[in-house]
Amino acid sequence: MTASISSRDLSTSPRVLVVDGSKVVRQLITRVLQAELPQAEVVGCSTGAEAQQLLQAGVFDFITIALRLPDMDGLELARYVRESAPQIYVPIVVVSGDVDDRLHRRALGEHVTDYFDKSLGFQALAEFIRGYVRPESMADGVVLYVEDSRVVALATRRMLEKIGLTVRHVVSVEDALALLETERMQGAVGVDLVLTDVSLKGELTGGDLLKFIRTDFGYGKGKLPVLVMTGDENPDNQAALIRAGANDLVEKPVEERLLVTKLLFQLRVAQHLRARENIT
């Protein structure tokens, strides 16, 4: 990659990857997206293998995948993105004219974010994608914020409260785990997103918190998004945090617009998943 993962600003020139074996379908989706989202860069390809190469070469903000590709199943490609692609927790939507039972089951899992029925029309698809790549400037939600510097915490808390979020601030991983455990005992997650620094005072780090959330609590990236703040600009180390379970990263010193953009994006995806689960 030409830039570190965490420097990607999701609100400017979003990149959309369209994977479909039909050239006509790719052209239709691209044409509508370019009309409805003129600032977006739309990249199309016909096979899973081509998609994998593109995903390794750069970051995308949204991916549409046909259920059946010439060389693999669309859900297989979605799994590849989640397990192998060195990028953020990108929304993956299967676009199909014949959504079957297995897709309905997987749509609520960790690989596919949602599905879209072609019969609704590509204009509707453009509106659907717009909601993901152009997040709102205000939001409702509770953020568990882990930061041991009171000066940094005060400034960041003001950023988040200014856009309508409720912030529950703790200074250590131990305190964060105690809060999450108390909520779990009451049958709830308790927060909508975790924002944590990597380096913290005490025995446990932000990386340890990731491990506890993903492994011990069993909360997937959709159920409880985790945004990690780091001063390490090394792309390999950043990718390791993503593989460990971070939804996305923000480099320190934190730039307000980038932090808010990334945080609202992750909240929107997670809230969308929860809404679908409640409907189902």
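Among the elements of the protein, strand 6 (residues 142–146) has the highest mean pLDDT, 98, while helix 4 (residues 101–107) has the lowest, 45. Over residues 102–109 the pLDDT is below 50, and this stretch has 20 contacts in the model beyond near neighbours in sequence; a contact means heavy atoms within 4.5 Å. For the protein, the mean pLDDT is 84, and 84% of the residues reach 70 or more.

Residues are numbered from 1 along each chain as its sequence is written, and side-chain values use heavy atoms, with hydrogens and water left out. In this predicted model local features need pLDDT of at least 70 and side-chain atom pairs count only at pLDDT 80 or more, while totals for chains, interfaces and linings use all residues.

## The whole protein

The protein holds ten helices and ten strands. Helices (H or I, at least four residues) and strands (E, at least two) are DSSP runs, numbered from the N terminus. Of its 280 residues, 53% count as buried, where buried means under 20% relative accessible area, exposed over 50%, and partly exposed in between (1.4 Å probe, protein chains only). The protein exposes about 12200 Å², and carbon and sulfur atoms supply 50% of that area; accessible areas come from the Shrake-Rupley method with a 1.4 Å probe, and for residues only the protein chains shown count as cover. Among contacts between residues at least 6 apart in sequence, 69% join residues at least 24 apart.

Five strands form an open sheet in the order 2-1-3-4-5, with parallel pairing. Two strands pair if DSSP finds at least two bridges between them. At the edges are strand 2 (41–45) and strand 5, each pairing on one side only. Neighbouring strands here are turned by 20 degrees against each other on average, direction ignored. Axes are lines fitted to C-alpha atoms, for helices over the stretch in contact, and angles run from 0 to 180 degrees between N-to-C directions.

| Strands | Bridges | Sense | Bridge partners |
|---|---|---|---|
| Strand 1 (residues 15–19) and strand 3 | four | parallel | Val-16 and Phe-62 |
| Strand 3 and strand 4 (residues 92–96) | four | parallel | Ile-63 and Ile-92 |
| Strand 4 and strand 5 | four | parallel | Val-95 and Phe-116 |

How many residues of strand 3 (residues 62–66) are buried? Five of its five residues are. Phe-62, Thr-64 and Ala-66 lie on one side, Ile-63 and Ile-65 on the other, and both faces are covered. Strand 5 (residues 114–117) has a covered face, Asp-114 and Phe-116, and an uncovered one, Tyr-115 and Asp-117.

## Helices beside this sheet

Helix 3 (residues 74–83) lies across strand 1, strand 3 and strand 4, running at about 155 degrees to strand 3. Helix 1 (residues 23–36) has 14 residues, which at 1.5 Å a residue should span 20 Å; its end C-alpha atoms are 20 Å apart, so the two values agree. The expected span is 1.5 Å times one less than the number of residues.

The buried residues of helix 1 are Val-25, Arg-26, Ile-29, Thr-30, Val-32 and Leu-33. Leu-28 is also found in helix 1. Is Leu-28 buried or partly exposed? Leu-28 is partly exposed, because its relative accessible area is 31%.

Strand 6 and strand 8 (residues 193–197) run parallel and are joined by four bridges, with Val-146 opposite Thr-196 in strand 8.

## A cis peptide bond

Most peptide bonds are trans. Lys-252 and Pro-253 are joined by a cis peptide bond, with omega about 0 degrees. Pro-253 lies in the loop between strand 10 and helix 10 (256–279).

How values were computed
pLDDT = per-residue confidence, 0-100.
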